[in-house]
Amino acid sequence: MSSLAERKARLIVHGEAPYNAEPPLARLRASYRTAADDFYVRSHGDLPEIDADGYRLRLDGAIPTALELSLESLRSRHAEVTVTATMQCAGNRRADMRAVAPVSGDPWDGGAIGTADWTGVRLGDVLHEAGIAEGADLHVAFESHDLVEGRPYGASIPLAKALAPETLLAFAMNGAPLLPEHGFPLRVVVPGFAGVRSPKWLKRITVQDHPSDNPIQAEDYKLFPPDVTAETADPARGHTINTMPLNAAICEPARGARLAAGANTVRGYAVSGDRTVVRVDVSGDGGRTWAQAALEHDARARFAWTFWTLDLDLPPGEHELAVRAWDEAGQTQPALPDDTWNYKGYLSAAWHRVRVTVE
């Protein structure tokens with residue numbers, strides 16, 4: 001296994017402490033399943049070192065039977081499941097909003113996203129072992145081993161999503177144990193939801209009648225209108241970010257590329273939190289005209305991205321490439337990041353634009 005330093009050298013590092021990094025877009029687009037070494041890293045605090053042999057997961061709260069489980073007991077008592085799913089940071093493509101006006105947070109390009117085969121056990125199976133009541137209006141809160149400003153990381157999801165068959169307690173990624181920066185030895189994987197709801201280094205699960213009161217859940221990752229500022233924001237009035245919106249990005253060619261006149265291949269990804277991507281339009285003239293891209297999607301992977309490809313005939317000159325996706329509900333993306341700008345730079349999902357020079 002490569003060292004953390006070697007893996008960092010492969011990525012665009014936005015922060016060392018906490019460690020946050022994304023891959024170059026061309027490398028991200030090279031494989032439908034993203035290698036662990038090339039998968040984006042989003043941390044809010046330290047990277048804890050955990051001994052797998054001594055690891056224990058605690059379940060408590062509004063359940064008839066509290067549990068304390070080792071990795072071995074999780075694996076021996078529940079069926080192993082693999083789910084192919086895309087994970088994405090709520091701040092993915094924040095750099096586009098930053099170009100409109102200042103925003104807080106790391107300046108993610110389009111690489112705070114990746115798709116993997118996640119292997120583990122269904123969270124619902126573990127909750128059923130603890131005697132959870134189906135249909136209850138409850139929340140499943142997670143607490144992790146990493147510390148954020150002196151307090152354990154915490155988040156929560158509604159019970160219905162926790163019981164969904166795609167939601168996992170994962171111990172492997174693409175057939176190998178999780179890397180330390182991806183949550184070894186155990187993490188939550190909540191397909192379709194923002195990555196913040198998939199805590200790494202999982203320590204405790206609590207079933208309760210309200211969302212987590214951890215600052216990550218109660219105060220951060222809230223969507224606000226454009227007139228709200230950091231000084232005026234009231235977390236109680238912000239929209240909690242769970243399901244991710246329809247989005248698309250151009251991975252090749254890169255911004256500022258110099259291309260030869262004639263046919264040029266444009267590639268990228270499209271993704272929607274809980275709907276199927278049915279069409280991707282690509283423009284070579286900033287959105288005045290469009291052509292439809294060929295789509296590549298794993299039909300068995302409902303929560304995984306769609307790759308798209310189109311050959312564009314580009315004459316000499318300056319060109320603004322643009323992409324927009326459409327989902328099964330007939331919805332598409334806003335044209336400009338100005339339309340959805342917010343001071344935290346969350347959910348940046350306007351047409352992705354790349355300027356190139358054709359010679």
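This is a predicted model: local features need pLDDT of at least 70, side-chain atom pairs count only at pLDDT 80 or more; totals for chains, interfaces and linings use all residues.
Me: How do you know that the sulfur of Cys-89 is too far from the closest cysteine sulfur for a bond?
Reply: The closest one belongs to Cys-251, and the gap is 16 Å.

Me: Why is Cys-89 called buried?
Reply: Its relative accessible area is 5%, and buried means under 20%, with exposed over 50% and partly exposed in between (1.4 Å probe, protein chains only). Cys-251, at 3% relative accessibility, counts as buried too.

Me: What makes the phi of Arg-93 worth a look?
Reply: Most residues other than glycine have a negative phi. Arg-93 has a positive one, near 65°, and is found in the loop between β5 (81-88) and α4 (94-98). Strands and helices here are DSSP runs, numbered from the N terminus (strands E, at least two residues; helices H or I, at least four). At 1% relative accessibility, Arg-93 counts as buried. Trp-201 also has a positive phi, near 50°; Trp-201 sits in the loop between β11 and β12 (202-208) and is buried at 1% relative accessibility.

Me: Which peptide bonds are cis, and where do their prolines lie?
Reply: One runs from Phe-184 to Pro-185, with omega near 10°, and Pro-185 lies in the loop between β10 (176-177) and β11 (187-189). Another runs from Glu-252 to Pro-253, with omega near 0°, and Pro-253 is in the loop between β15 (247-252) and β16.

Me: Why are β16 and β19 said to stand at the edges?
Reply: The open sheet has 5 strands in the order β16-β23-β22-β18-β19, with mixed pairing. β16 (258-259) and β19 (291-292) each have a single partner strand, so one side of each is left without a neighbour in the sheet.

Me: How do you know that β18 and β22 pair?
Reply: Two strands pair if DSSP finds at least two bridges between them. β18 (residues 277-283) and β22 (residues 317-327) are joined by 6 bridges and run antiparallel, so they meet that rule. Val-277, for instance, has Asp-327 in β22 as its bridge partner.

Me: What makes a space a pocket, and what lines the largest one?
Reply: On a 1 Å grid over the protein atoms alone, a pocket is an open set of points where a 1.4 Å probe fits, with protein on both sides within 12 Å along at least five of seven lines; lining residues have an atom within 4 Å of a point. The largest pocket is lined by 21 residues, with Arg-42, His-44, Ile-216, Asp-220 and Tyr-221 nearest its centre. The elements that give two or more residues to this lining are β8 (151-158) and α7 (215-218), and β8 supplies the largest share, 3 residues.

Note on methods
Residues are numbered from 1 along each chain as its sequence is written. Side-chain values use heavy atoms; hydrogens and water are left out. A disulfide is a pair of cysteine sulfur atoms within 2.5 Å.
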